Amino acid sequence: EVIARVTESLPVDPASITRLVVAVGVVKGDRFDYAVEKAVECGADRFLPMLCEHGVVLPGGKKNDRFNAIALAAAKQCRRFTLMELEPPRKFRELLEEALRHGVALICECGDGMMAIDRYLETIRDNPPAVITVFIGPEGGFSDEEVKLARESGGIFVSLGKQILRTETAVAVATGILALYR
């Protein structure tokens, strides 16, 4: 039996209500473990493994159990009060449609002329969306068809900098930047 008493109530900052969702192209080996861990540490609310045309692996079975264990350990380490939701893999198109129904879809891509993610976030600071979903591609990036679909659907293309990043590094960079704007 446990008895508790509330000694203080803390107000919720309305600016922190934006939910942060990370959709990540599945990658090989322990690099995906790292992506899950860093998303938790940076404060992502949901983590969506994403099946893309350039993807090379299909997670499932015991891997999902391992990802959940990694997420729990990371949440304990950084003293999170809530667990990040970790969902089964779904196709890029399905995740994009869901993201656009509920908020903004940021597609991280390399290339000239892309707006830096932090500059984009400045443009929405006064009127943040309910949900920001950041899309990070697998090894080899998004296919031409996926890029076309995202552009035509209203996805917003942003850059994480001039360097080409590995998928798991892009997760850490993007969620870290987004966490500062919540």
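This is a predicted model: local features need pLDDT of at least 70, side-chain atom pairs count only at pLDDT 80 or more; totals for chains, interfaces and linings use all residues.
Q: OK, strand 1: is it mostly covered or uncovered?
A: Strand 1, residues 19-25, is mostly covered, with six of its seven residues buried. Buried means under 20% relative accessible area, exposed means over 50%, and partly exposed is in between, using a 1.4 Å probe and protein chains only. Strands here are DSSP runs of E with at least two residues, helices are runs of H or I with at least four, and both are numbered from the N terminus.

Q: And which strands does strand 1 join?
A: Six bridges join strand 1 to strand 7 (residues 131-136), and these two run parallel; five bridges join strand 1 to strand 2 (residues 46-51), also in parallel. Two strands pair if DSSP finds at least two bridges between them. To find these places in the structure, look for Val22 opposite Val134 in strand 7, and for Val24 with its bridge partner Pro49 in strand 2.

Q: How does the chain get from strand 1 to strand 2?
A: The chain passes through helix 1 (residues 31-41), making a right-handed β-α-β crossover. Right-handed means that, with the strands pointing away from the viewer, the path from the first strand over the helix to the second runs clockwise.

Q: What about strand 2, is that one enclosed or open?
A: Strand 2 is largely enclosed by the rest of the structure, because five of its six residues are buried. Strand 2 also pairs in the parallel sense with strand 3 (residues 85-86) over two bridges, where Phe47 stands opposite Leu86. With strand 4 (residues 90-91) there are again two bridges in the parallel sense, and Leu51 has Lys91 as its bridge partner there.

Q: Switching topic, how much space is in the largest pocket, and what lies nearest its centre?
A: The largest pocket holds about 380 Å³ of space, and of its 19 lining residues, Cys108, Cys110, Gly141, Ile164 and Leu165 lie nearest the centre. A pocket is found on a 1 Å grid over the protein atoms alone, as an open set of points where a 1.4 Å probe fits, with protein on both sides within 12 Å along at least five of seven lines, and lining residues have an atom within 4 Å of a point. Grid points are joined across faces, edges and corners, and the volume is the space filled by probe spheres set on the points.

Q: I see cysteines there, so how many disulfides does the structure hold?
A: The structure holds zero disulfides, a disulfide being a pair of cysteine sulfur atoms within 2.5 Å.

Conventions: Residues are numbered from 1 along each chain as its sequence is written. Side-chain values use heavy atoms; hydrogens and water are left out.
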